[in-house]
Amino acid sequence: MIRSRVIAGALAAAIAVTPVIVAAQAPQVPAEPLSALAPENMAKPRPKAPFDLTGNWFVDTSPGPDAWRFGPPYPKLTPPAQVHADLSQKYLKEGKVYRDDIGQCWPAGMPLIMTRYWPFAFVQTPAAIYFVSGFMNSFRTIFLDGRQPTDPDVVVRTYNGESIGRWEGSTLVVDTRYFRGDHHWMDQGGMSIPAGEKLRIIERMRMVNPNVLEIEFTMTDPDNWAGEWKSTKRFNRVNDADIQEVSCLPDLNEHLQSTRSGTQVK
């Protein structure tokens with residue numbers, strides 16, 4: 001009996017000082033977020049949205065024919081951006097459009113896609129709002145399912161960026177970033193201001209009444225202007241038109257002097 005106790009004690013002491021070897025574990029990879037249209041995501045309990053944007057909309061042009069522009073006023077431009085603005089004004093006086101990228105079928109991108117002279121559609125679900133423009137059928141998604149912005153090291157940049165929304169009382173706040181910086185303009189023709197990869201747009205959307213949507217845009221891009229650039233637009237509900245498939249045909253612009261001359265300016 002005594003011998004058994006001695007052996008047992010010796011084994012316990014050996015185990016106590018023996019280093020514990022733990023098998024290496026693979027790093028945990030975060031799960032991909034559910035699609036905004038996944039039934040499980042759609043069915044998650046959420047507070048009722050303060051309003052539903054589903055419908056067709058068109059920018060309010062009552063302030064004038066240039067209501068599609070996001071200025072004036074314009075912010076203080078950086079020297080590289082000022083070069084573009086100055087050249088665009090020079091060519092305007094000559095009856096030309098400086099670097100008519102949109103006319104050559106490059107995407108208008110945010111924010112200009114919101115104010116093209118074409119209606120656009122919003123389709124709202126509990127987890128996302130889908131946007132389709134009548135101009136080239138440009139598409140964007142505003143995610144409402146609580147996801148975080150994509151890792152900047154893996155995100156695929158686009159002209160409309162990645163939009164993530166959240167409700168603040170009766171206002172929808174949309175944060176959009178991760179833009180492409182080539183052939184992308186804030187305003188174009190007469191005051192051409194470039195948009196770069198550091199562009200970030202915060203939209204604050206509210207319903208003025210069931211047929212009028214107001215969006216306050218706050219835009220920053222330190223490569224092209226200083227501080228915040230703000231602009232507020234209103235959009236009227238359109239009930240007599242639907243969004244159809246539209247292709248961009250650059251040859252329709254061949255008669256424009258700007259198409260040939262303006263796009264050649266370096």
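View 1. H183 lies in the loop between β6 and β7; helices (H or I, at least four residues) and strands (E, at least two) are DSSP runs, numbered from the N terminus. This is a predicted model, in which local features need pLDDT of at least 70 and side-chain atom pairs count only at pLDDT 80 or more, while totals for chains, interfaces and linings use all residues. Residues are numbered from 1 along each chain as its sequence is written, and side-chain values use heavy atoms, with hydrogens and water left out. Although H183 is not a glycine, its phi is positive, about 55°. Most residues other than glycine have a negative phi. H183 counts as partly exposed because its relative accessibility is 32%; buried means under 20% relative accessible area, exposed over 50%, and partly exposed in between (1.4 Å probe, protein chains only).

**View 2. Two cis peptide bonds involve P72 and P73.** Here we look at the loop between β1 (55–59) and α3, where P72 has its place. The peptide bond from G71 to P72 is cis, with omega near 0°. A cis peptide bond also joins P72 and P73, with omega about 0°. P73 is found in the loop between β1 and α3. For background, most peptide bonds are trans.

**View 3. Nine strands close into a barrel.** Follow the 9 strands in the order β1-β2-β3-β4-β5-β6-β9-β10-β11, and note that the pairing is mixed. From one strand to the next, the twist averages 30°; axes are lines fitted to C-alpha atoms, for helices over the stretch in contact, and angles run from 0 to 180 degrees between N-to-C directions. Two strands pair if DSSP finds at least two bridges between them. Strands β4 (residues 139–143) and β5 (residues 162–168) run parallel, joined by 2 bridges, and F143 stands opposite I164 in β5. By contrast, β5 and β6 pair in the antiparallel sense over 7 bridges, with I164 opposite D175 in β6. β5 and β6 form a hairpin with 2 residues between them, and G169 in the turn has a positive phi of about 65°. Further along, β10 and β11 pair in the antiparallel sense over 8 bridges; the bridge partner of E214 is R234 in β11.

**View 4. T176 is a buried threonine with polar partners.** T176 sits in strand β6 (residues 171–177). At 0% relative accessibility, T176 counts as buried. The side chain of T176 makes polar contacts with the side chain of R140 at 3.4 Å and with the side chain of S163 at 2.7 Å. A polar contact is a pair of N or O atoms within 3.5 Å; within protein, one must be able to donate a hydrogen and the other to accept it, and residues adjacent in sequence count only if both atoms are side-chain atoms. Leaving out residues up to four places away in sequence, T176 touches several others, including N160, L199 and E203; contact means heavy atoms within 4.5 Å.

View 5. Q188 is found in the loop between β7 (185–187) and β8 (193–194), and counts as buried because its relative accessibility is 7%. The C-alpha atoms of Q188 and Y98 are separated by 7.7 Å, although these residues are 90 apart along the chain. A polar atom of the Q188 side chain lies 2.3 Å from the backbone oxygen of R99. Beyond four places in sequence, the residues that Q188 touches include W68, R69 and D101.

**View 6. A disulfide joins C105 to C248.** The structure holds 1 disulfide, a pair of cysteine sulfur atoms within 2.5 Å, and its S to S distance is 1.9 Å. C105 lies in the loop between α3 (79–93) and β2 (120–124) and C248 in the loop between β11 (229–238) and α4 (257–261), so the pair ties together parts that are 143 residues apart in sequence. The link of C105 and C248 is left-handed, with -90° about the S-S bond. C105 counts as partly exposed at 21% relative accessibility, and so does C248 at 27%.
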